[in-house]
Amino acid sequence: MSRLIVSQQLQIMGVVNTTPDSFSDGGRFDTLDKALQHARRLIADGADLLDIGGESTRPGSLPVAVDEELRRTLPLIEAIRAESDIPLSIDTNKPEVMRAAVAAGASMINSVWALRLDNALEVAAELAVPVCLMHMQGSPQDMQQNPEYQDVVAEVRDFLQARIDAALAAGVSRENIVVDPGFGFGKTIEHNLVLLKSLPELRELGVPLLVGLSRKKMIGKILDKPVDQRLYGSLALAVMAAMQGADILRVHDVAETGDAIRMVRALGEVL
Ligand code: 9MG
């Protein structure tokens, strides 16, 4: 175990999806209302920031149109902003959505495409907010078909370094860059586990690390559990990620993750 003291600065990012399948009965206002209630719950549970997404990035998912993504996310950002000053991240890859979300009160961009879509780097630089650049092999449609690497850690590290360089060249300031190895995005279980053990190597990139492991398929496969029974597996991985140097944990279960991290931190303080 490389690190027992979990940083005091560790941030817990709560996930709020506005995709219709996130709230099963799906009507438009119903979905907004449920997403807002969910956001309130995560804020009360102690989230440091929320990640608002309007396009699924699950394996096999298809992109949605800009208008639809705006329709799903903007009313929620506005509604949260009207009652809370919690920092909001917009989980998007589309420059139009980045712009509108930041104008509505978001203050971070989470890009699973690492700003590789047309004009995304330029818009992120112009908006001058923190950006998360995530590694993904392939696209959400095909990424889990046959992920292959010679050396997963070196390839993910080199990709992230190249995206940091591209962001800097476009005018994003270094203090606004966060990177993410992209667990489950074009990776087998083994790739994910090797990356988790190797997070300290990714810290050498010199920018904060965001990690999303919560409820992911890897946990389901190892424990043979459906998505609604992956809490304990998610907590184990959240603690591991924190001890391996993650700076931001992207999670669904904010209260439970916060308790787990505080317990490990208390232990670190007496050892
Ligand atoms: C949107 N999204 C889903 N999983 C994610 C992960 O692991 N990291 C980031 N940055 N975004 C994610």
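A nonpolar core is a set of buried Ala, Val, Leu, Ile, Met, Phe, Trp, Tyr and Cys residues joined through side-chain atoms within 4.5 Å; buried means under 20% relative accessible area and exposed over 50%, with a 1.4 Å probe and protein chains only. This is a predicted model, in which local features need pLDDT of at least 70 and side-chain atom pairs count only at pLDDT 80 or more, while totals for chains, interfaces and linings use all residues. Residues are numbered from 1 along each chain as its sequence is written, and side-chain values use heavy atoms, without hydrogens and water.

The largest nonpolar core has 73 residues, and Leu-50, Ile-80 and Leu-115 are among those with the most contacts inside it. Helix 5, residues 152-170, gives the most to this core, with 8 residues; helices are DSSP runs of H or I, at least four residues, numbered from the N terminus. A separate second core of 7 residues includes Cys-132 and Leu-210.

Cys-132 and Leu-210 are also among the residues around the ligand, that is, with a heavy atom within 4 Å of it. A polar side-chain atom of Asn-110 lies 2.8 Å from a ligand nitrogen atom, and an N or O atom in the side chain of Lys-216 is 2.6 Å from a ligand oxygen atom.

Finally, which residues of helix 6 are buried? In this helix, residues 189-197, they are His-191, Asn-192, Leu-195 and Leu-196. They line one face, because they fall within an arc of 130° seen down the helix axis, taken from the directions from the axis to the C-beta atoms. The face turned away carries the exposed residues Glu-190 and Lys-197.

Note on methods:
Helix = DSSP H or I, 4+ residues; strand = E, 2+ residues; numbered from the N terminus. Polar contact = N/O pair within 3.5 Å; in protein donor to acceptor, adjacent residues only side chain to side chain.
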